Amino acid sequence: MSRITAVTLTAVTSPRSGITCGHIIVQLATDVDGLVGIGEMSDFQHLPMYHIDVRGLEATLTDILVGRDPMESSSIAATMDRAFPSAESLYDKASLIRCGVDLAIWDLRGKLLDANVSELLGGRSRARLPIAYPIFRQQTESDVESNLEVMELRLQDGMSRFRVYVGRNLELDRRFLMLARDRFGDRIEIKSLDFSNLLDARAAAGFIARTAELGYEFVEAPARSGDLAGLRFVRERTLVPVSEHAVGPRSALDLVTSGAVDVLNVGLFVLGGITGALRTISVAEAAGVACLMGTTQELSIGTAAAAHVGTCVAGPMHASDPVGPLLYQRDVVESPVLYEDSDLVPPEGPGLGLAISDDALAAASDDLTWRGAQLATIVDRTGEQRA
């Protein structure tokens, strides 16, 4: 029997796309030959606009976890659910906390058993996780050409599948989609248009009707948050498949039983980690609904966890979204996760298959802060100042 002997939380920041995102790296020490499990509380730079007390959280988690056997993961997950209950919100900070601890527990279990997390999940159904690179929203005229340049650069790297954010300036969005299809033709695959709940269902359906001939697989969040009737309206009116984030098993059940979605977006960050994601995926599998792995754009630790889950799902898995290591300018592991063409390669080795780099962790260590943040930046994540 092993025991957790210490909890260490390290706040880190990493720039991407003109903004700096804050994360917390979790390290759970044990009494087994210095064995340490690692996890990640990913990307706190979302609304609501407050940060947690890192040292206070570390003391709380120490009280909860020290002395526990990491192999008793169900009991630990139940304790974490009670201590940090889900608000069933897309960027619920309690879910980020649960996720970081949950990933570290899975990592520890794999290391104790000398097994990869994929093996703990029952083995891979697919060797790699197909992914789509994000194209951020068009808000000014200059964004159209700069985003076309992003597509061109990614094509040169062998990445041909994209997810396009829309909903701030629909005319610019449409122009971008037309120019992208005209310039790149069948060289690109547009996985989805991501409305991010910015528009009501009628406005989203109208835009879909004006652009469907440009070719994309499905649309994401094309109604206000929580509007199941709106999602169903878009799905039935446009005949274009619809996906939406599940914020918990109950949310997943409501989405599939109401006929609102064709695809469930399963994000470890909003579901409290691998354990919570498995509960939601079971709902999708029972309903015969496909999934995709969502993201808040994690560093390599969180991205590796998504890769393990996504490759082990037995049911249909659409191209997914975790590309944080391609966006961020620094990471905290010895070897970041690997992308080949439009695929994410799950790491091999015990646990999550990654090791912390002490030097990289020290270089990235920084206080979490909202100083200088603008509301429009937080919502659209481009980091550019808008008039």
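The model is predicted, so local features need pLDDT of at least 70 and side-chain atom pairs count only at pLDDT 80 or more, while totals for chains, interfaces and linings use all residues. Residues are numbered from 1 along each chain as its sequence is written, and side-chain values use heavy atoms, leaving out hydrogens and water.

**Stop one: helix H7.** Select residues 201–211, which form helix H7 (helices are DSSP runs of H or I, at least four residues, and strands are E runs of at least two, numbered from the N terminus). Now colour Ala-201, Ala-204, Ala-205, Phe-207, Ile-208 and Thr-211, which are buried (under 20% relative accessible area with a 1.4 Å probe, protein chains only; exposed is over 50%, partly exposed in between). Look down the axis of H7: these buried residues fall within an arc of 165°, so they line one face (the arc is that of the directions from the helix axis to the C-beta atoms). Turned away from that side are exposed Arg-202 and Ala-209.

Next, show helix H6 (170–184) and helix H8 (228–238), which are among the elements covering the buried residues of H7 (contact means heavy atoms within 4.5 Å).

**Stop two: Asp-143.** Move to helix H5 (residues 141–156) and pick Asp-143. Asp-143 has 4% relative accessibility, so it counts as buried.

**Stop three: cysteines.** Searching the whole structure finds zero disulfides (pairs of cysteine sulfur atoms within 2.5 Å). Select Cys-99: the nearest cysteine sulfur, that of Cys-21, is 15 Å away. Finish at Cys-291, whose sulfur is 13 Å from the closest cysteine sulfur, in Cys-312, too far for a bond.
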